[in-house]
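Visitor: Here is a model I would like to go through with you, one question at a time. Could you take me through its contacts, pairings and packing?

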Amino acid sequence: MTGTPVAITGMGCICAAGANLHDCMEALFLGARAPAPPVRFTSNHPIRYPVFELRDFEEPADMLRSGALGLHAAREAIADAGLDRKTLRGLRVGVCVGTTVGTVMSEENFCRESLAGRDPDIAGMRRILRSNPADVIAREFGLSGPRQTVVNACSSGTGALGTAGSWIRAGLCDVAIAGGADELGRIPYIGFISLMITDDSPCKPFDKNRKGLNLGEGAAMLVLESEPSRRRSGNRPRSFLLGYGSAGDAYHLTAPRPDGTGLKNAMAEALAYSGTPPASIAFVNAHGTGTPDNDRIESGVLRDMLPGVPYLSTKGYTGHTLGAAGASEAVFTAACLEMGKIPANAGFETPDPEIANTPVREVAGVSGTVALSESLAFGGNNSVVVLGKG
């Protein structure tokens, strides 16, 4: 049984590659990237690991960074779809946003004061309570449809997109704003260093000499519309959400399952639901973190499930934006289908003999109309979306 395609009529993105989707895509195809040690926070770790930080972005005083980033991307996506506040308020509009650390790990001073038995300024707690990314967007635009924040580690953004698509198909809303938003901070920065999966140089997804990931921050949002809503608005789809699959193998808290069973199951589900044969996939935007285990296992799954299909990781341009990663990568995938080309896999220089199918090494044209974007997460969760050209 296949699902009904869901129209994507607007997209927005902000990350280290650019403050909007146009600038992000330009940076990807120019091969531009500049990870550097963080400046918004400090740590006492002897190695200053590089990150993909948004140094010029300032959040409002009453809102945490993830909520503000999500709102920035949502504004772009809504404008891109030709919608406005008045129109949205006359529709059933849902909001589904994935995040990982957003709103829970950013008020260090408040937490530190509380643990010390002191009476911290309650403004910190008010910021937390006002900063749920889905609530921020719904509040800004006066939306009253279904609202959900997905917190499922690095697959959160992809899961949010799949969930919102199911709302549209089930007739729960006319329009859904879906995506992911996550910020950089000291706690995740130190946490990933402690896991020994962080590279002290620019990350190198799928390269033989890869040592780990670089963290990043940002947000991406997509506007999904039901067919009746799209006909009323006259919006031309930029892309279609054709299918979604998710599978949890619960193999390990942080390590991927060696045989990739969970990812294979998620991919098979997404392809079956979309009615897409593997041979029709034009390219894959892989999770591609740059960690030794992830890249080896993920490339093996791609070799087995989609032999000969070109693939790349865009994390070499954005860093790993955690809960926002799946959303930004879905947006990049849809934009690449529009443009008929894909960028090079940044950071790849030396083939790894354990990776039989190497990623795209230079800008390449693609002639197909369907592509796949996938996310792997801690706890063994795997999520995949299939996107079609508008």
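**Contacts, salt bridges and helix packing**

Guide: Leaving aside neighbours within four places in sequence, G10 is in contact with A77, D80, A81, M221, L222 and V223. The model is a predicted one.

Visitor: In which strand is G10 placed, and is G10 buried or exposed?

Guide: The place of G10 is in strand β1, which covers residues 6-15. Buried means under 20% relative accessible area. G10 has 0% relative accessibility, so G10 counts as buried.

Visitor: How far apart are the C-alpha atoms of G10 and A74?

Guide: Along the chain, G10 and A74 are 64 residues apart. Their C-alpha atoms are separated by 9.2 Å.

Visitor: Which residues are in contact with A219, leaving aside its neighbours within four places in sequence?

Guide: A219 has its place in strand β5. Its relative accessibility is 2%, so A219 counts as buried. The residues in contact with A219, sequence neighbours within four places left aside, are G12, C13, I14, L69, G70, A73, G180, A181 and A324.

Visitor: How many salt bridges does the structure hold?

Guide: Side chains of opposite charge can pair when their charged atoms come close. For this structure the number of salt bridges is 24.

Visitor: How many residues apart in sequence are the parts that R65 and E217 tie together?

Guide: The side chains of R65 and E217 meet in a salt bridge, 2.8 Å from N to O. R65 lies in helix α2 (residues 65-80), and E217 lies in the loop between α8 (186-194) and β5 (218-225). R65 is buried, and E217 is buried too. The pair therefore ties together parts whose separation in sequence is 152 residues.

Visitor: Which residues are linked with R65 and E217 in a network of salt bridges?

Guide: R65 and E217 belong to a network of salt bridges.

Visitor: Is R92 buried or partly exposed, and is D174 buried or exposed?

Guide: A salt bridge joins the side chains of R92 and D174, at 3.0 Å from N to O. R92 lies in the loop between α3 (85-89) and β2 (93-98), and D174 in the loop between α7 (156-169) and β4 (175-182), so the pair ties together parts 82 residues apart in sequence. R92 has 42% relative accessibility and so counts as partly exposed. D174 has a relative accessible area of 11%, so D174 is buried.

Visitor: Where does E338 lie, and what is its relative accessibility?

Guide: The side chains of E338 and R238 meet in a salt bridge, with N to O at 2.7 Å. R238 lies in the loop between α9 (227-233) and β6 (239-248) and E338 in helix α13 (residues 325-339), so the pair ties together parts 100 residues apart in sequence. E338 counts as partly exposed because its relative accessibility is 31%.

Visitor: How do α1 and α13 pack, oblique or roughly perpendicular?

Guide: The axes of helix α1 (residues 21-30) and α13 come within 11 Å and cross at roughly 75°. Angles of 65 to 115 degrees count as roughly perpendicular. That makes the arrangement of α1 to α13 roughly perpendicular.

Visitor: Which residues make that contact, and how many of them are nonpolar?

Guide: On α1 the contact is made by L21, C24, M25, L28 and F29, and on α13 by V331, F332, A335, C336 and M339. By class, the contact of α1 with α13 has no polar and no charged residues; the number of nonpolar residues is 10.

Visitor: At what angle do α10 and α11 pack, and which way is their crossing, left-handed or right-handed?

Guide: Helix α10 (residues 261-274) and helix α11 (residues 292-305) have axes 10 Å apart and pack at an angle of about 45°. That makes α10 oblique to α11. The crossing of α10 and α11 is right-handed.

Visitor: How many charged residues does the contact of α10 with α11 have?

Guide: The contact is made by L263, K264, M267 and A268 of α10 and E298, V301, L302, D304 and M305 of α11. By class, six are nonpolar and none polar, and the number of charged residues is three.

Technical notes: Residues numbered from 1 in each chain as written. Predicted model: local features only at pLDDT ≥ 70, side-chain atom pairs only at ≥ 80, totals over all residues. Heavy atoms only, no water. Axes fitted to C-alpha atoms, helices over the stretch in contact; angles between N-to-C directions. Helix = DSSP H or I, 4+ residues; strand = E, 2+ residues; numbered from the N terminus. Parallel < 35°, antiparallel > 145°, perpendicular 65-115°, else oblique. Left-handed = near helix turned anticlockwise from the far one by under 90°. Contact = heavy atoms within 4.5 Å. Nonpolar A, V, L, I, M, F, W, Y, C, P; charged D, E, K, R; others polar. Salt bridge = Lys/Arg side-chain N within 4 Å of Asp/Glu carboxyl O. Buried < 20%, exposed > 50% of the residue type's maximum accessible area, 1.4 Å probe, protein only.
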